Amino acid sequence: MRPSRPTSRPRPRRFQRRRFCKFCADKVDFIDYKDIRVLRHYLTERGKMMAGRMTGNCAKHQRELTQAIKRARNIALLPFIEK
Ligand SMILES: [Zn+2]
């Protein structure tokens, strides 16, 4: 499944190198939303979530990570997007 967003826009080619999925390497089954040190690693300076293609995470773990970050935000462990 992929988002049904038109991909006509040219995209900056910065994160070219395909990195391995850190969570797969660590054999992580469940990403702990309380472990903000891990979650913060996948947020930009402004508190924005990084896309899976940038982090190199596999789809499964990226989805888990997204869930974990949302959960952490809801209980105020992580900031929402800072302006
Ligand atoms: Zn993975």
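Author: A residue is called buried if 20 or more other C-beta atoms lie within 10 Å of its own, exposed if 12 or fewer do, and partly exposed in between, with the C-beta atoms placed from the backbone. The structure is a predicted model, in which local features need pLDDT of at least 70, side-chain atom pairs count only at pLDDT 80 or more, and totals for chains, interfaces and linings use all residues. Residues are numbered from 1 along each chain as its sequence is written.

Reader: What makes alanine 76 exposed?

Author: Alanine 76 has 8 other C-beta atoms within 10 Å. The limit for an exposed residue is 12 or fewer, and alanine 76 is therefore exposed. Alanine 76 is found in the segment after α4 (59-74), and its phi is near 65°, a positive value in a residue other than glycine.

Reader: What elements does the protein chain hold, and what makes a run of residues an element?

Author: The protein chain has 4 helices and 0 strands. Helices (H or I, at least four residues) and strands (E, at least two) are DSSP runs, numbered from the N terminus. From that terminus on, the order is α-α-α-α.

Reader: Which residues of α4 are buried, and how do you know on which side they lie?

Author: The buried residues of α4 are His61, Gln62, Leu65, Ala68, Ile69 and Ala72. They cover an arc (that of the directions from the helix axis to the C-beta atoms) of only 120° around the axis, and so they are on the same side of α4. On the other side of α4, Ala59, Lys70 and Asn74 are exposed.

Reader: What covers the buried residues of α4?

Author: The cover includes α1, α2 and α3 (52-55). In the protein chain as a whole, buried residues make up 14% of the 83 residues.

Terms used:
Two residues are in contact if their C-beta atoms, placed from the backbone, lie within 7 Å.
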